[in-house]
Amino acid sequence: MLITISSEATSDERSQLMNLLCRLTGSQQPLAAVRIDKQEVIALEGKALDLDARKAIAEQAAVERTISVKTPYKLVSKALKQETVITIGSGENLIRLGGSDNPPVVIAGPCAVESKEQLLQTARAVRAAGAQILRGGAFKPRTSPYQFQGLGIEGLHLLAEAREETGLPIITEVMEPGMVETVGAFADILQIGSRNMQNYSLLQAAGRNSFGRPVMLKRGLSSTLDEWLLAAEYVVAAGNPNVILCERGIRSFDPQTRNMFDLTCVPLLHELTHLPIVVDPSHATGKRELVPTMSRAGIAAGANGLILETHIDPDNALCDGRQSITPAQLKGIVQETRLLTQLFKGSLSLTHVA
């Protein structure tokens, strides 16, 4: 159940509503309203409320409307709104990610920040190729403790330097709740990786980050869509409505690719949630020669963006070089993304593509 609060409600009317909700739900803690598109919303587990309780809530002076939601996730449900558009950057570098009216956004950069020279050269190439956001890992969770773990704080400073030179907003991963504010001071978008999708303390900390940074939430290695959307619900319920879902492949039994790229989830998620969806063909396939084709497939499936691992020298990358594309490949993907977008919008014919 969702309850929207009237913008004209007085403090007494709000208090009366909160007291009623605490009494009906048996909550010992005050309930928090989340602000979504200038509208304050309270989410409740409505199954335990009978008709009389629902009627009492609806009749409160502070209540604008109540919405019945059948899914376990409430705030990210399509029942609340049709779509979310997330604004990133500012000025001439302002980017709108999500929504049917905005073209897909291409995010690109190295898996890991290795050095100043490597990052700046790649950032320049990413900008020249036409991508709009720079990715790069300062902190790297690796399967083996003996693999390169990133440069840490130094990597954050190098990412900020790359943004200063190129104008590209940056996205980087945060791995623990205590580092959210530190990473948020540098990054334009906080990334929560697949291994941390159900790290609920981290999700809540990202939801409360004082900088208001959007959060990209990658799907867990073997997570269902409901589990993924409930993880997103943690971030939104903590106060941050700007969540981007990222499909990066799920674990399968076939070793020919790194993961199974579940593109079926893209149109399905558009039916279930208002959150924007980005796809990651790099982690999904694990092979750079497959990335261009699966990028096209992701855009065709309806993704709001791509996140691509790009390196100036993939064969000598310290992290995930096998799946990293070259700047030339990135440029081709950006061009194809634009053409496909025009085609789907009806402003380009198949003869022009041929």
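**A serine and its surroundings**

Reply: Happy to, bearing in mind that this is a predicted model. Ser-6 sits in the loop between β1 (2-5) and α1 (11-25).

Me: Is Ser-6 buried or exposed?
Reply: Buried means under 20% relative accessible area. Ser-6 has a relative accessible area of 18%, so this residue counts as buried.

Me: Which residues have the most contacts inside the largest nonpolar core?
Reply: That core has 71 residues. Its largest share, 7 residues, comes from helix α7 (residues 225-237). Apart from it lies another core of 15 residues, including Ile-5 and Met-18. Inside the largest core, the residues with the most contacts are Leu-134, Leu-217 and Leu-330.

Me: What is Leu-330 in contact with, leaving aside its neighbours within four places in sequence?
Reply: Leu-330 has the most contacts inside the largest core together with Leu-134 and Leu-217. Beyond its sequence neighbours, Leu-330 is in contact with Val-106, Ala-108, Val-126, Ala-129, Ala-131, Leu-308, Thr-310 and Ile-325.

**Cysteines**

Me: How many disulfides are there?
Reply: Cys-22 is buried at 17% relative accessible area, and Cys-319 is buried at 3%. A disulfide needs a pair of cysteine sulfur atoms within 2.5 Å. By this rule, the number of disulfides is 0.

How values were computed:
Residues are numbered from 1 along each chain as its sequence is written. This is a predicted model: local features need pLDDT of at least 70, side-chain atom pairs count only at pLDDT 80 or more; totals for chains, interfaces and linings use all residues. Side-chain values use heavy atoms; hydrogens and water are left out. A nonpolar core is a set of buried Ala, Val, Leu, Ile, Met, Phe, Trp, Tyr and Cys residues joined through side-chain atoms within 4.5 Å. Buried means under 20% relative accessible area, exposed over 50%, partly exposed in between (1.4 Å probe, protein chains only). Helices (H or I, at least four residues) and strands (E, at least two) are DSSP runs, numbered from the N terminus. Contact means heavy atoms within 4.5 Å.
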